[in-house]
Amino acid sequence: MLRIGLTGGIGSGKTTVARRLVERGALLVDSDVLAREAVALGTDGLTEIVDTFGDGVLDADGALDRAALAGVVFGDAEARGKLNAIVHPRVRRRSDELIAAAPADAVVVQDVPLLVEGGMAPYFPLVVVVHADAEERVRRLVEQRGMPETDARARIAAQAGDGARRAAADVWLDNAGSPGDLEATVDELWERRLVPFEANLRERRAVKGGPPRLADPNTQWSADGVRLAARVAAAAGFRGRGVEHIGSTSVPDLPAKDVIDLQLGVESLADADAIRDALQDAGFPWRADIDHDNPKPPGSAPWPKRYHGTADPGRPVHLHVREVGSPGWRYALLFRDWLRAVPEAREEYLAVKRKAESLYGDDPDAARYVEVKEPWFDEALPRADAWAASFAWSPSLH
Ligand code: ADP
């Protein structure tokens, strides 16, 4: 099973995307619908609403008068908090029930309008954001849904901005074109990414990396690192001791394999084993227990780690789980900070990477590409150490 968080500003096209995904075979859990059901006539949710806000929020039939309730909570944060405390737990409980009853191979789409505002993005293995410009959304809401323009603008203003949504998006669906264009994009997403992602997740199979080719530096890499680190941290829970974007994609302006390397710190490798399944469920299947990690200075003690990949065919990720304070953990951070700070080190490393690529760039297995880089690491790490000593660098000082 794959759970997808679907979100976007009001009028962006979420409902349209959800409908198409359902046509392709997804199971929809719509939080707006569940929120309405939670306070329908005859529910204990409605009883609690009346106990809290009085029967002025009921219509002549005894059902909830949504406009009256909106009037009560509008501009009153405390009242909104009380309303949320009644509705949200019920929506969550009902969502959990529906998801628990879904088939093992389901792609479950959770349509959550305020997913970003509620900080829920890291709790989904994949977040899909539908986007349309605010003016276009106003036009569609007014013309196609008959909403008064001032309402449309007020609602848009009350939601997260595009920047916050973009930061949370694994998939950004631009709905600037026709509904047909959007459907075609959703179909491609379904076939190329969602269906294989679901199968990989269920079978706990990591996506195989392609041949080691260097890509031009991409400004999206750092945003990807932040987003994915938040997902790993959420999965690790209290056993996580920080997640960092490491490796070449964490160094601005450095061409690199299009892989986001993440390092999750843990107190002990026993903790890494205890969270193995949580990481797998979040989209990061376990790949190997590694005793002798590379690169390491010749003659040093083993550098053990737990190594996870990703089930998502759309975003290569390597996740290294290491003990906080261990040499391997420290060097991953030091090497990144050294490369970020010292242009000559970056240039040297790039030359080594280019050489490795020219020798083994077509090799389907990246092992030989990595081997070519080893000798350079052996002599570079002591220099990184000297740099660190020169100003008392520490892993927490960056
Ligand atoms: P949301 O669920 O995000 O609020 P909807 O899917 O309901 O948004 O879309 C808002 C309105 O715009 C609907 O009436 C929908 O039919 C229409 N719409 C969606 N996508 C397009 C598009 N690409 N072109 C024109 N109208 C669209």
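## Cavities

In this predicted model, a search of the whole structure finds two cavities of 30 Å³ or more. The largest cavity holds about 80 Å³ of space, and its lining is made by 14 residues, among which Pro125, Leu228, Arg231, Thr310 and Asp312 lie nearest the centre.

Helix H10 (residues 220-236) contributes the largest share of that lining, namely three residues. Sorted by class, the lining of the largest cavity consists of seven nonpolar, two polar and five charged residues.

## The largest pocket

The largest pocket has a volume of about 2,200 Å³. It is lined by 49 residues, and those closest to its centre are Asp32, Ala35, His88, Pro113 and Leu114.

Several elements take part in the lining of the largest pocket, with at least two residues coming from each of H1, strand S2 (27-30), helix H2 (31-38), helix H4 (66-73), helix H5 (77-100), strand S3 (107-111) and helix H7 (149-158). Of the elements involved, H5 gives the most to this lining, with ten residues. By class, the lining of the largest pocket comprises 24 nonpolar, eleven polar and 14 charged residues.

## Packing of H1 against H9

Two packed helices are described by the angle between their axes and the distance between the axes. Helix H1 (residues 14-24), which also supplies at least two residues of the lining of the largest pocket, packs with helix H9 (residues 179-203) at an angle of about 50 degrees, the axes being 10 Å apart. That angle makes H1 oblique to H9, and the crossing of the two helices is right-handed.

On the H1 side the contact is made by Thr16, Val17, Arg20, Leu21 and Arg24, while H9 brings Leu182, Glu183, Val186, Asp187, Trp190, Glu191 and Leu194 to the contact. The residues of this contact divide into six nonpolar, one polar and five charged.

## Packing of H14 against H15

Helix H14 (residues 343-360) and helix H15 (residues 367-390) pack at an angle of about 160 degrees, with their axes 8 Å apart. Angles over 145 degrees count as roughly antiparallel, and H14 and H15 are therefore roughly antiparallel to each other. Their crossing is right-handed.

In this contact, Ala345, Glu348, Tyr349, Val352, Lys353, Ala356, Glu357, Leu359 and Tyr360 of H14 meet Arg368, Tyr369, Val372, Lys373, Trp376, Phe377, Glu379 and Arg383 of H15. The residues of the contact of H14 with H15 comprise ten nonpolar and seven charged, with no polar residues.

Notes: Residues are numbered from 1 along each chain as its sequence is written. This is a predicted model: local features need pLDDT of at least 70, side-chain atom pairs count only at pLDDT 80 or more; totals for chains, interfaces and linings use all residues. Side-chain values use heavy atoms; hydrogens and water are left out. Axes are lines fitted to C-alpha atoms, for helices over the stretch in contact, and angles run from 0 to 180 degrees between N-to-C directions. Helices (H or I, at least four residues) and strands (E, at least two) are DSSP runs, numbered from the N terminus. Angles under 35 degrees count as roughly parallel, over 145 as roughly antiparallel, 65 to 115 as roughly perpendicular and the rest as oblique. A crossing is left-handed if the near helix is turned anticlockwise from the far one by less than a right angle, and right-handed if clockwise. Contact means heavy atoms within 4.5 Å. Ala, Val, Leu, Ile, Met, Phe, Trp, Tyr, Cys and Pro count as nonpolar, Asp, Glu, Lys and Arg as charged, and the others, Gly among them, as polar. On a 1 Å grid over the protein atoms alone, a cavity is a set of points where a 1.4 Å probe fits but cannot get out, and a pocket is an open set with protein on both sides within 12 Å along at least five of seven lines; lining residues have an atom within 4 Å of a point. Grid points are joined across faces, edges and corners, and a volume is the space filled by probe spheres set on the points.
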